[in-house]
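This report describes one protein chain in plain terms. Look at the sequence and the model first, then read on.

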Amino acid sequence: MIQLLYDIALRLGLGLILGVLLMLLITIIETAFYNYHKQIHFIIVGILIALIIYALGDIGIDIVRI
């Protein structure tokens, strides 16, 4: 049980770190390509949705394996 909580906390922490890095990357890209900000937002939202689905599926698999 402790290992499961550790894995979930680790994934959430890594998710926060990756989220901050992604926000920095978005800011840099939007500054460089100002005219294409709408397309950039669609791509970023797609990436974030895919990461959320992956994380929830991974956590679900860990819970089922108990």
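A residue counts as buried under 20% relative accessible area, as exposed over 50%, and as partly exposed in between (1.4 Å probe, protein chains only). Of the 66 residues in the protein chain, 14% are buried. The model is predicted: local features need pLDDT of at least 70 and side-chain atom pairs pLDDT 80 or more, while totals for chains, interfaces and linings use all residues. Residues are numbered from 1 along each chain as its sequence is written, and side-chain values use heavy atoms, without hydrogens and water.

The protein chain has 2 helices and 0 strands; helices (H or I, at least four residues) and strands (E, at least two) are DSSP runs, numbered from the N terminus. With a radius of gyration (over C-alpha atoms) of 15 Å, well over the 11 Å from the globule rule (2.2 Å times the number of residues to the power 0.38), the chain is more spread out than a compact globule.

| Property of the protein chain | Value |
|---|---|
| Box filled by C-alpha atoms, along the principal axes | roughly 50 × 15 × 5 Å |
| Accessible surface (Shrake-Rupley method, 1.4 Å probe) | about 5700 Å² |
| Share of that surface from carbon and sulfur atoms | 79% |

Ile17 lies in helix H1 (residues 2-32). Together with Tyr6, Leu10, Leu14, Leu18, Val20, Leu21 and Leu24, Ile17 makes a nonpolar surface patch of about 790 Å².

Conventions: Patches are made of residues with over 30% relative accessible area and no salt bridge: like charges are joined within 9 Å, nonpolar side chains (Val, Leu, Ile, Met, Phe, Trp, Tyr) within 5 Å. A salt bridge is a side-chain nitrogen of Lys or Arg within 4 Å of a carboxyl oxygen of Asp or Glu.
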